[in-house]
Each structure stands twice: as structure tokens, then as C-alpha cells.
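Here is a short note to read beside the model. Take the points in order, and find each residue on screen as you go.

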Amino acid sequence: MTSFGIRIARLASLMGLVGVTSLVTARGAEARFHLHLRGSTPADGATISSAPPNIQLFFSERPEIKVTTVNLVDGGNANVALSAPRLASGADTAVVVDVKAPLAAGVYTVKWSAMASDGHVQRGSFGFTVAGAKH
Ligand SMILES: [Cu+2]
């Protein structure tokens with residue numbers, strides 16, 4: 001290879017490196033601005049003494065409700081019946097699902113999937129415990 005050729009090759013590899021670095025930076029910035037879950041009721045990790053009538057998910061921005069899914073599974077990974085998700089009245093970044101029958105004592109996991117107006121689908125899960133009846 002001529003010295004000119006080597007210089008071109010070095011330049012190309014340097015540009016490749018810069019390209020990868022800027023791609024990683026862009027992905028990091030994008031991740032920060034995606035829709036994300038800011039909180040919930042019951043809160044992640046909470047132990048509650050009575051079965052919740054509904055589950056509320058508080059997002060960083062309004063999700064597209066028609067493609068929002070919320071599933072609840074018990075400690076045995078069995079699905080628990082919920083209503084379809086709806087936006088909370090007066091807070092369109094909050095999603096509510098009704099729990100159709102009172103939850104027995106035990107551990108539960110909420111699994112959600114939501115899409116923001118930018119078209120990116122985000123998923124997550126959190127858990128809570130319904131404490132047994134106290135005597
Ligand atoms: Cu996004």
C-alpha cells in the first residue's frame with residue numbers, strides 16, 4: 001500500500017470510530033427522552049394491606065391508549081382479569097386498569113407496554129404484594 005493509501009485507510013477507520021461514537025451518543029439521548037414510567041399505584045415494591053380496585057400507571061407523556069397493554073400476573077404467573085386500559089380523567093399521562101375481582105393475598109407483577117407519539121414502544125414491569133389478612 002502506498003503511504004497515501006495508508007493515510008486514507010487511517011482516515012476511514014477514524015471516521016468509522018467517530019460514526020460509532022455519535023451513534024451511541026444519539027441512542028443514549030433518545031433513551032432519555034422516550035416515554036417512561038414515572039410511578040404507579042400500587043407503587044413498585046409496595047406491600048399493601050387491602051386489594052387495590054385498580055392499577056394506575058403514571059407515564060412521562062401521554063401514551064397511545066389504543067395500543068397500550070397492561071397485564072397482571074400472580075405469584076404463580078397466572079393472568080389476573082383486568083379491564084381494558086383507559087386514560088385517567090384529568091390526567092392524560094396516567095393509565096388506569098380496573099382489577100375485576102379482589103386480589104387474594106400474594107405477590108403480583110404488572111407488565112406494561114406503551115407507545116408514545118414518536119412511535120417507539122416501551123415495555124416494563126413492576127411488582128407489589130397484597131398482604132394477608134391480619135389477625
Ligand atoms: Cu421514543
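1. First, a term. Two residues are in contact if their C-beta atoms, placed from the backbone, lie within 7 Å. Now apply it to Ser-113. Leaving aside neighbours within four places in sequence, Ser-113 is in contact with Thr-69, Val-121 and Arg-123.

2. Know what you are looking at. This is a predicted model: local features need pLDDT of at least 70, side-chain atom pairs count only at pLDDT 80 or more, and totals for chains, interfaces and linings use all residues. Residues are numbered from 1 along each chain as its sequence is written.

3. Check the confidence. pLDDT is the predictor's confidence in each residue, from 0 to 100. The protein averages a pLDDT of 85, and 74% of the residues score at least 70. Over residues 20-25 the pLDDT is below 50. Beyond near neighbours in sequence, that stretch has 0 contacts in the model. Where pLDDT is low, the predicted coordinates should not be read in detail.

4. Next, the elements. Helices (H or I, at least four residues) and strands (E, at least two) are DSSP runs, numbered from the N terminus. The protein has 1 helix and 9 strands. In what order do the elements run from the N terminus on? The order is α-β-β-β-β-β-β-β-β-β.

5. Two strands pair if DSSP finds at least two bridges between them. 5 strands form this sheet, in the order S2-S9-S8-S4-S5, with mixed pairing. Strand S2 (47-48) and strand S5 (79-80) stand at the edges; each has a single partner strand, so one side of each is left without a neighbour in the sheet.

6. Look at S8 and S9. Strand S8 (residues 106-115) and strand S9 (residues 121-130) run antiparallel, joined by 10 bridges. Lys-111 has Ser-125 in S9 as its bridge partner. Ser-113, from point 1, is found in strand S8. The C-alpha atoms of Ser-113 and Gly-124 are separated by 6.6 Å, and the two residues are 11 apart along the chain.

7. Two other pairings involve S7. S3 and S7 run antiparallel and share 5 bridges; Ile-55 stands opposite Val-97 in S7. Strand S6 (residues 86-88) is also antiparallel to S7, with 3 bridges. There, Arg-86 stands opposite Val-96. The hairpin of S6 and S7 has 2 residues between the strands, and in it Gly-90 takes a positive phi near 85°.

8. Buried or exposed? A residue is buried if 20 or more other C-beta atoms lie within 10 Å of its own, exposed if 12 or fewer, and partly exposed in between. Buried residues make up 13% of the 135 residues in the protein. Ser-113 is partly exposed because it has 15 other C-beta atoms within 10 Å. Ala-94, in strand S7, is buried because its count is 20. Ala-94 is in contact with Gln-56, Leu-57, Phe-58, Leu-87 and Ala-88, leaving aside neighbours within four places in sequence.

9. Finish with the core. A nonpolar core is a set of buried Ala, Val, Leu, Ile, Met, Phe, Trp, Tyr and Cys residues joined through C-beta atoms within 7 Å. The largest one has 14 residues, and those with the most contacts inside it are Leu-57 and Phe-59. Strand S3 (54-59), strand S7 (91-98), S8 and S9 each give two or more residues to this core. S8 gives the most, with 4 residues.
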